[in-house]
Amino acid sequence: MASHALNLLPGRVALITGGTRGIGRAIAETFAANGAHVVVTGTHPGPAQEVADLIQRRGWPDALGLPLDVRDPVQIEHVFTTTMVRFGRIDILVNNAGVHTGYPVAEFPLEAWRDLYRINVEGVFLCSQAAMRAMMAHGAGGVILHMSSAAARASGTKQAAYASSKAALLAFSRVLAVEGGPYGIRSNCILPGATETDMLEGVFATIPGIREELLGRTVLGKLGNVQDQANVALFLASDLGRHVTGEYVVVSGGEFMNA
Ligand SMILES: NC(=O)c1ccc[n+]([C@@H]2O[C@H](COP(=O)([O-])OP(=O)(O)OC[C@H]3O[C@@H](n4cnc5c(N)ncnc54)[C@H](O)[C@@H]3O)[C@@H](O)[C@H]2O)c1
């Protein structure tokens with residue numbers, strides 16, 4: 001899976017939330033293949049450790065697999081402390097963990113709304129806060145990436161919580177960019193269009209006809225895959241993207257070219 005082993009992240013320490021499958025896992029493997037020490041986190045310890053073990057077996061730099069539910073500030077503190085003890089720094093945070101829950105506004109259960117916001121927005125705030133503190137204290141700059149969504153700019157039915165939570169990341173990221181700029185800390189969003197993962201399968205299951213609709217909107221005539229997203233994350237996280245901050249990149253095969 002992890003192509004593009006150009007050693008663009010030599011010795012960097014990168015922490016990825018929701019890194020056990022889908023886009024997060026592709027980012028973890030791509031970063032490791034490019035020389036980064038990767039801290040793979042997931043809601044369950046087993047899968048996180050499995051990805052870290054796989055990285056070791058491939059001969060890439062030392063990796064850690066740790067449990068992390070981004071709703072839990074205690075677990076976040078533990079993950080950042082463990083990372084600092086093991087590697088002494090954190091250079092890159094990828095706020096990838098996210099969930100999609102689809103109801104029409106008129107039927108949206110409050111608890112489902114709140115839980116989505118706890119993961120997609122509050123979790124991003126808590127992880128970014130911990131990363132900012134560690135990066136500012138270390139004094140070597142850093143990069144924070146957010147997996148937002150093209151839905152933040154162009155949305156449809158049953159997307160109220162998801163789209164608005166992902167739109168919140170655009171504004172949040174810009175504030176991080178402004179506050180982090182003097183410390184050499186960059187913050188950017190990636191806005192994937194439809195990308196073939198378990199999450200998208202869930203969306204297809206709840207919104208009939210959406211697969212054909214999304215496919216029909218792409219200019220390139222295909223849905224994205226996880227490597228398409230990881231490649232852009234690699235650019236933004238590495239020195240190739242060193243003058244890019246407070247921005248977002250839509251990665252959608254032209255599905256959302258006007259978003
Ligand atoms: N796949 C797409 O089409 C698409 C499009 C736009 C944006 N995105 C965004 O990209 C990111 C990755 O999506 P994906 O398609 O790989 O989804 P996925 O469902 O395959 O992966 C999401 C990851 O987040 C983790 N996660 C869920 N709740 C968590 C919690 N409370 N704490 C920590 N981790 C948690 C999951 O365990 C999983 O590893 C998400 O933020 C998603 O919103 C995906």
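The model is predicted, so local features need pLDDT of at least 70 and side-chain atom pairs count only at pLDDT 80 or more, while totals for chains, interfaces and linings use all residues. Residues are numbered from 1 along each chain as its sequence is written, and side-chain values use heavy atoms, with hydrogens and water left out.

**Cores**

The largest nonpolar core has 32 residues. A nonpolar core is a set of buried Ala, Val, Leu, Ile, Met, Phe, Trp, Tyr and Cys residues joined through side-chain atoms within 4.5 Å. Buried means under 20% relative accessible area, exposed over 50%, and partly exposed in between (1.4 Å probe, protein chains only). Ile 27, Phe 31, Val 38, Ile 55 and Ile 92 touch the most other members of the largest core. Elements that give two or more residues to this core include strand 1 (13-16), helix 1 (22-33), strand 2 (37-42) and helix 8 (226-237). Helices (H or I, at least four residues) and strands (E, at least two) are DSSP runs, numbered from the N terminus.

Leaving out residues up to four places away in sequence, Phe 31 touches Leu 9, Ala 14, Ile 16, Ala 36, Val 38, Ile 92, Val 94, Ala 233, Leu 234 and Ala 237. Contact means heavy atoms within 4.5 Å. Another core lies apart from the largest one. This other core has 25 residues, among them Val 13, Val 39, Ile 119 and Ala 131.

**Helix packing**

Two packed helices are described by the angle between their axes and the distance between the axes. Axes are lines fitted to C-alpha atoms, for helices over the stretch in contact, and angles run from 0 to 180 degrees between N-to-C directions.

| Helix pair | Crossing angle | Axis distance |
|---|---|---|
| Helix 3 (73-87) and helix 4 (110-138) | roughly 30° | within 10 Å |
| Helix 4 and helix 5 | about 15° | 9 Å |

Helix 3 and helix 4 are therefore roughly parallel to each other. Helix 4 and helix 5 are roughly parallel too. Angles under 35 degrees count as roughly parallel, over 145 as roughly antiparallel, 65 to 115 as roughly perpendicular and the rest as oblique.

Which residues make the contact of helix 3 with helix 4? Helix 3 brings Pro 73, Ile 76, Phe 80 and Met 84, and helix 4 brings Leu 126, Cys 127, Ala 130, Ala 131 and Ala 134. By class, nine are nonpolar, none polar and none charged. Ala, Val, Leu, Ile, Met, Phe, Trp, Tyr, Cys and Pro count as nonpolar, Asp, Glu, Lys and Arg as charged, and the others, Gly among them, as polar.

The contact of helix 4 with helix 5 has 14 nonpolar, five polar and two charged residues.

**Single residues**

Cys 127 sits in helix 4. Its relative accessibility is 0%, and Cys 127 counts as buried. Beyond its neighbours within four places in sequence, Cys 127 contacts Thr 17, Val 70, Ile 76, Phe 80, Leu 93 and Asn 95. The C-alpha atoms of Cys 127 and Val 94 are 9.1 Å apart.

Most residues other than glycine have a negative phi. Asn 7 has a positive phi of about 55°. Asn 7 lies in the segment before strand 1 and is partly exposed, at 47%. Lys 158 has a positive phi near 65°. Lys 158 is in the loop between strand 5 and helix 5 (160-180), partly exposed at 26%.
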